[in-house]
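Colleague: I am new to this structure, and I would like to learn how to read its features one at a time. Could you take me through them?

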Amino acid sequence: MTYGFRSWLDSSAEGTAPLRIVTSATGDLEVVAAELKRSFDADPAVQRIELVVDGNRLGMVTRTRLRELLSKFERSDPGAGDGATLPGRSSQYTVLTYRCGTCGVTAKLLFVDEVPECVGHGPMDRVS
Ligand SMILES: [Zn+2]
């Protein structure tokens, strides 16, 4: 499953990002993709988001990379029926948002409920 997430990364983007999506390797790829899209849509200044899967910082998903991925999802595989649409914010999953009180790094948690830690600053505070 982690392989699925790995294929999303933009290998040319290095370093860290002020926004992280934290998920589990067993998390639904389309739900995570939808949350990435929402996060990019919500703030035009966000150019990349760091992906953390099962506690490992995998790398960066960039705006450009996500656009490519979404076009693949929309093509959908034959037999999937009526064409896949990305799920909206529904009751099927909850996004927990945490922020570091020192540096402001934000982490959005999907399919995990452990308090995320900021590198160097310790546990983050829950904001929503
Ligand atoms: Zn911090």
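Colleague: In which strand does Arg126 lie?

Modeller: This is a predicted model, and in it Arg126 belongs to strand β8. That strand, which covers residues 125–126, has the highest mean pLDDT among the elements of the protein chain, at 97, whereas helix α1, residues 2–6, has the lowest, at 77.

Colleague: Is Arg126 buried or exposed, and why?

Modeller: The general idea is to count the other C-beta atoms within 10 Å, and a residue with 12 or fewer is called exposed. Arg126 has 12 such atoms around its own, and therefore it is exposed. For the protein chain as a whole, buried residues account for 27% of the 128 residues.

Colleague: Which residues is Arg126 in contact with, once its neighbours within four places in sequence are left aside?

Modeller: Contact is judged from C-beta atoms lying within 7 Å of each other. With those neighbours left aside, Arg126 is in contact with Leu96 and Tyr98. Cys100, for its part, is 26 residues from Arg126 in sequence, and their C-alpha atoms are 8.9 Å apart in space.

Colleague: What share of the contacts in the chain between residues at least 6 apart in sequence join residues at least 24 apart?

Modeller: That share is 63% in the protein chain.

Terms used:
Residues are numbered from 1 along each chain as its sequence is written. This is a predicted model: local features need pLDDT of at least 70, side-chain atom pairs count only at pLDDT 80 or more; totals for chains, interfaces and linings use all residues. A residue is buried if 20 or more other C-beta atoms lie within 10 Å of its own, exposed if 12 or fewer, and partly exposed in between; C-beta atoms are placed from the backbone. Two residues are in contact if their C-beta atoms, placed from the backbone, lie within 7 Å. pLDDT is the predictor's confidence in each residue, from 0 to 100. Helices (H or I, at least four residues) and strands (E, at least two) are DSSP runs, numbered from the N terminus.
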